[in-house]
Amino acid sequence: MSDKRCTEDDVVAELRDGMTIGIGGWGSRRKPMSIVRAILRSDLRDLTVVAYGGPDIGMLCATGQAHRIVYGFVSLDSIPLEPHFRVARQQGTVEAMELDEGMLQLGLRAAAWRVSFLPCRAGLGSAILDVNPDLRTVTSPYGGEQLVAMPALRLDVALLHANRADSRGDAQYLGPDWYFDDLFAMAADRTFVSCERVVEPGRLVDEGPLESIRVSRIFTDGVVEAPLGAHFTHCVPDYDRDEVLQREYAASAKAPDAWTAFRAKYVDVPETDYRKLAEHSLAGAS
Amino acid sequence: MSTTLAEVCVVACAEAWRGDGEILASPIGVIPTLGARLAALTFEPDLVTTDGDASQLGAPIPVGAPADVEKVVEAWLPFGKMFDIVWSGRRHVMMGATQVDRFGNQNIACIGPWEKPKAQLLGVRGAPGNTVNDPTSYWVPQHSPRVFVEAVDCVSGVGYDRAAAAGPAATEHHEIRCVISNLGVFDFETPDHSMRVRSLHPGVTIDAAREATGFDLVVPDDVPETRAPTDDDQRILQEVLDPHRLRDAEVGG
């Protein structure tokens with residue numbers, strides 16, 4: 001029986017310069033931040049990052065490791081505008097493919113289904129077709145209507161954070177929304193899932209209802225046990241967003257020095273140290 | 001009972017959903033949220049509201065309510081389902097707008113050239129898909145020539161001229177229902193779908209609306225005053241939906 005347990009560093013060792021990496025979660029919600037931090041500490045570069053973006057995209061813009069970003073939005077939710085993403089866009093330091101939120105979903109679905117595109121109405125008439133000159137329309141063979149041909153967004157790797165996973169790589173979502181984590185996994189050649197707690201195979205049913213097990217091991221390649229692994233984004237019901245640390249992160253976009261200081265304190269540290277900081281910060285909030 | 005501007009705006013937002021029946025109301029912002037919930041509690045009882053997260057509610061909850069507020073949950077609406085609803089045409093969203101032009105093109109994405117914006121904002125979010133699939137309205141708390149512009153910098157929500165140019169698939173389900181601001185209610189019910197004044201809030205003159213708009217507004221001969229909140233509207237707002245008066249923070253009292 002396969003045992004896919006590994007560490008954040010094992011995941012990073014599987015990544016290569018220039019890869020296209022999809023990141024699950026949504027905005028500042030259930031992002032695989034411990035794996036993202038491991039990437040930030042690595043020499044990886046020229047990455048294309050595909051996400052419903054939050055601090056994952058923000059931080060990879062801040063380090064310059066994201067060469068290209070593909071997104072429907074980038075937001076911290078309670079702080080609507082992601083400050084590091086804004087800096088990167090306004091200084092022109094990152095290539096961007098901006099999409100309607102639904103188009104991003106469709107691009108992942110096309111990749112998952114191994115077709116080159118899927119048609120949709122979304123995007124017609126909007127700036128999306130102007131700012132992405134590679135996007136094409138398609139004429140329906142059943143009546144001639146012109147629709148957007150959303151190209152498949154094939155991923156080399158998907159990174160997800162779940163509430164629970166078993167050691168074989170089935171992943172479980174105990175909050176109200178699993179967002180598009182299952183699509184990211186299906187759209188990727190390889191998928192790594194971090195989670196709050198790893199359980200024995202067959203025991204996820206003790207943790208929550210059957211329908212909360214949203215990603216099958218068919219689609220996953222590695223499982224990282226990472227308690228507080230989504231921190232400072234939220235991972236309900238395990239923990240809420242850490243608004244205090246998120247504000248500190250947002251403030252770090254105001255000057256290069258501020259990011260250097262944030263990075264030294266929260267990124268360039270062993271995960272065990274980060275976890276202590278996170279526990280302390282969350283305890284202060286309650 | 002005395003009426004505040006915020007309450008007039010809430011009622012104007014509520015009116016945007018009149019006649020919509022049993023569809024999903026998706027308001028962004030405090031005043032639109034109060035509007036949708038007020039509509040559901042008064043003249044549109046089958047309108048579907050949510051908790052702003054993944055739950056469809058049986059009865060509207062107050063704005064700013066804590067996550068653990070007591071609520072009647074009817075159904076589950078995670079984001080994946082949300083796109084299904086949007087694309088199936090059973091929704092009417094009221095979004096914000098950093099810029100709007102005379103044909104209802106809306107921008108929330110960025111200011112300046114998209115390639116290297118002067119100010120990066122939200123990105124287009126769901127606006128392109130919303131506008132070609134379902135009725136869409138906009139809420140502008142500060143009506144000014146900086147918002148109501150001749151041409152928006154990045155077309156996020158699609159207006160009438162751009163939809164027409166994109167063809168029948170874009171126009172088939174396209175409708176910009178109205179734009180509500182702190183000055184009045186505006187719609188596109190003109191021969192060329194150029195924005196016209198539908199009503200002005202109490203005390204607002206045509207000249208004030210014209211001056212605050214960066215393009216020529218269509219002004220009918222007879223411009224009515226926006227409907228005033230009824231005593232029942234005010235009671236529901238004060239006792240049920242917004243006891244802490246969050247409505248006043250979004251638009252001056």
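Tutor: Happy to! In this predicted model, the buried residues of H2(B) are B:Val30, B:Ile31, B:Pro32, B:Thr33, B:Leu34, B:Gly35, B:Ala36, B:Arg37, B:Leu38, B:Ala39, B:Ala40 and B:Leu41. That makes H2(B) mostly covered, with 12 of its 12 residues buried. Its length checks out too: helix H2 of chain B covers residues 30-41, and at 1.5 Å a residue those 12 residues should span 16 Å, which agrees with the 16 Å between its end C-alpha atoms.

Now for the contact between the chains, to which chain B brings 36 residues and chain A 35 residues. On the side of chain B that touches chain A, helix H3 (79-88), strand S9 (119-120), helix H4 (127-133), helix H5 (160-166) and helix H6 (168-171) each supply at least two residues. H3(B) gives the most, with five residues. By type, this side of chain B has 23 nonpolar, nine polar and four charged residues.

A backbone detail in chain B deserves a glance as well. B:Arg245, in the loop between helix H8 (231-241) and helix H9 (247-250) of chain B, has a positive phi near 55 degrees although the residue is not glycine. B:Arg245 counts as partly exposed because it has 13 C-beta neighbours inside 10 Å.

A:Tyr179 sits in the loop between strand S10 (171-172) and helix H7 (181-187) of chain A, and it counts as buried because it has 23 C-beta neighbours inside 10 Å.

Notes:
Residues numbered from 1 in each chain as written. Chains lettered and ligands numbered in written order. Predicted model: local features only at pLDDT ≥ 70, side-chain atom pairs only at ≥ 80, totals over all residues. Contact = placed C-beta atoms within 7 Å. Helix = DSSP H or I, 4+ residues; strand = E, 2+ residues; numbered from the N terminus. Nonpolar A, V, L, I, M, F, W, Y, C, P; charged D, E, K, R; others polar. Expected span 1.5 Å × (residues − 1). Buried ≥ 20, exposed ≤ 12 C-beta atoms within 10 Å, placed from the backbone.
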